[in-house]
Amino acid sequence: MTNNQAKLMQGNEACLEGAIAAGMRFFAGYPITPSTEIAEGASERLPMVGGKFIQMEDEIGSMAAVIGASLAGLKAMTATSGPGMSLKLENIGYASLTEIPCVIVNVQRGGPSTGLPTSPAQADIMQARWGAHGDHPSIVLYPASVSEAYSVTVTAFNLAEKYRMPVILLMDEVMGHMRERVVLPDAKDLQIVNREKASVPPEEYLPYKADPDGGVPEMPAFGEGYRYHVTGLIHSENGFPTTDAKKTATLLNRLMKKIDNNLDDIVKYQEDSLDDAKIVLIAYGSTARSAKSAMDMAREQGIPVGLFRPITIWPFAEDKVKEIAGKAEKIIVPEMNLGQYRSEIERAVAGKCEVIGINRADGEIITPEDIYEKIKGVL
Amino acid sequence: MSSTEIRLSGSGGQGLLLCGIILAEAAILDGKNAVQTQSYGPEARGGASKSEVIISDGDIYYPKVRKPDIFLALTQEAYDKYVGSISKEGIIIADQSVEVSDVKCAKIYCLPILDTAKNDVGRIMVANIVALGTINEITSLVSPEALERAVLNRVPKGTEELNRKALVAGKEICNNK
């Protein structure tokens with residue numbers, strides 16, 4: 001295992017380094033446990049690579065600054081936890097409708113409200129999908145190791161740029177603060193996606209002109225000579241507000257289809273020992289690590305258990321979950337909330353097999369033993 | 001596949017987080033796998049705090065310590081709070097100020113870690129490094145070379161001699177016993 005490049009790194013630190021490797025050159029934030037190391041690190045690292053860090057007056061301002069920086073052409077990110085996420089939602093909705101690429105990191109802690117500042121939780125799963133009001137697409141990713149905190153952050157930026165939308169990266173206190181041995185890839189080996197710039201001269205440019213079937217409009221940076229209007233009101237191709245029902249439907253339809261037409265590109269997951277599994281664990285983030293240990297314990301006892309780990313939380317890996325439900329007898333969903341993802345899994349499974357939750361919302365991590373005991377209990 | 005679980009506990013501000021980081025980094029220098037986690041309350045100083053390390057030759061999934069093979073306690077509060085789950089084959093290393101209870105484990109060492117840092121090395125703040133010297137002398141968790149390198153990689157410039165001295169002092173209190 002000896003490797004000169006192997007080092008001990010924290011999840012929050014790896015997330016920041018992944019962001020910088022992806023090309024992030026602007027960070028605005030307001031520190032909050034357990035995400036603070038990301039902002040702290042950004043304040044030190046960004047000036048070294050020609051980037052800008054701003055600590056804003058609050059989370060609302062941070063999100064607004066990130067949107068502004070992205071419009072001006074920079075890859076931009078903010079990081080927070082539940083209470084800050086609640087405040088950012090208004091502007092995340094704005095970024096959704098105005099199609100402004102950016103990455104929002106939520107290192108989850110116990111909630112609701114200011115909740116349990118130093119304890120882990122996974123209870124912002126539904127907020128990440130539906131926190132901003134109105135029908136809107138979502139991409140939400142969730143790494144499960146320090147090494148993935150790096151690589152999945154790169155993916156978050158790539159998807160944000162490619163589909164022109166805010167991408168939420170979820171972690172939890174354990175993921176954010178855990179330090180682990182990592183060997184990071186060479187920056188030159190990374191695949192980096194950048195937004196499409198305008199292919200027409202300024203006088204011909206229409207800011208929201210795109211194929212109605214899920215097309216992504218071109219995005220020149222403010223300051224490059226392209227003057228256009230950006231509004232949180234429903235707008236037509238020229239960027240100005242409209243209340244026309246047909247144009248409204250076309251816009252919302254296109255926004256949803258950006259995602260729906262590209263599920264294969266966006267939905268990422270890890271399958272482990274599913275082939276012969278009678279019981280399948282579906283887990284994400286730090287809980288997936290407990291699930292993996294529990295699976296190994298069960299396999300040692302000859303119990304055929306598999307693990308399905310969504311890395312993309314939203315859009316939901318519906319087809320894959322349906323396929324699992326067609327083969328497995330039982331699905332167990334451990335999560336540090338009171339059953340948020342389980343409800344979505346139950347909807348997809350539609351009674352084809354039993355779905356059982358293991359839920360904790362008390363600030364404590366679910367242990368491999370908790371899961372193993374449940375496996376034995378449902379045999 | 002061998003795996004060792006270590007729990008380092010004491011009071012917030014005693015540098016146990018750094019202690020865990022250094023231990024994990026030393027293990028990585030030795031070519032092993034390591035994970036470090038922590039648990040703390042909202043306070044920056046005081047209270048019982050712990051830092052946990054798992055060192056293994058293979059993959060580590062669940063990152064928290066369940067049954068410590070090695071348990072360090074620098075304060076009574078931390079000892080009382082975290083001793084419960086000690087492995088039956090586990091080793092307890094406690095500061096001599098700690099009144100140890102009757103627990104099932106392989107061995108209990110009560111050593112003057114805090115006094116040694118304060119009086120022999122001259123700075124109470126290096127108690128965490130003294131403890132590292134002590135732990136490694138008793139358990140040979142990592143190679144002495146890797147431990148020294150990991151300590152020197154992490155401590156502030158200008159304090160190398162002080163920390164090297166702390167490491168040696170930690171080692172020596174085991175031999176004086």
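This briefing describes how two chains meet and how the two domains of chain A meet. The structure is a predicted model. Between the chains, the contact draws on 20 residues of chain A and 19 residues of chain B. Within chain A there are two domains, domain 1 (7-189) and domain 2 (270-378).

**Contact between chain A and chain B**

- On the side of chain A that touches chain B, at least two residues each come from β1 (7-10), β6 (116-120), α7 (173-177), β9 (179-182) and α10 (286-300) of chain A.
- The largest share of that side, four residues, is supplied by α10(A).
- By class, the side of chain A that touches chain B comprises eight nonpolar, six polar and six charged residues.

**Strand pairing across the chains**

- Strand β9(A) is joined by two bridges to strand β2 (residues 33-39) of chain B, and these strands run antiparallel.
- A:Glu180 has B:Val35, in β2(B), as its bridge partner.

**Contact between the domains of chain A**

- The centres of domain 1 and domain 2 of chain A, taken over C-alpha atoms, are separated by 26 Å.
- Domain 1 of chain A contributes 24 residues to the contact, and domain 2 of chain A contributes 19 residues.
- On the side of domain 1 that touches domain 2, the elements of chain A giving two or more residues are β6, α5 (125-130), β7 (139-141), β8 (166-172) and α7.
- Of these elements, α5(A) gives the most to that side, with four residues.
- The side of domain 1 of chain A that touches domain 2 of chain A consists of 18 nonpolar, four polar and two charged residues.

Terms used
Residues numbered from 1 in each chain as written. Chains lettered and ligands numbered in written order. Predicted model: local features only at pLDDT ≥ 70, side-chain atom pairs only at ≥ 80, totals over all residues. Contact = placed C-beta atoms within 7 Å. Nonpolar A, V, L, I, M, F, W, Y, C, P; charged D, E, K, R; others polar. Pairing = 2+ DSSP bridges. Domains from an automatic or database assignment.
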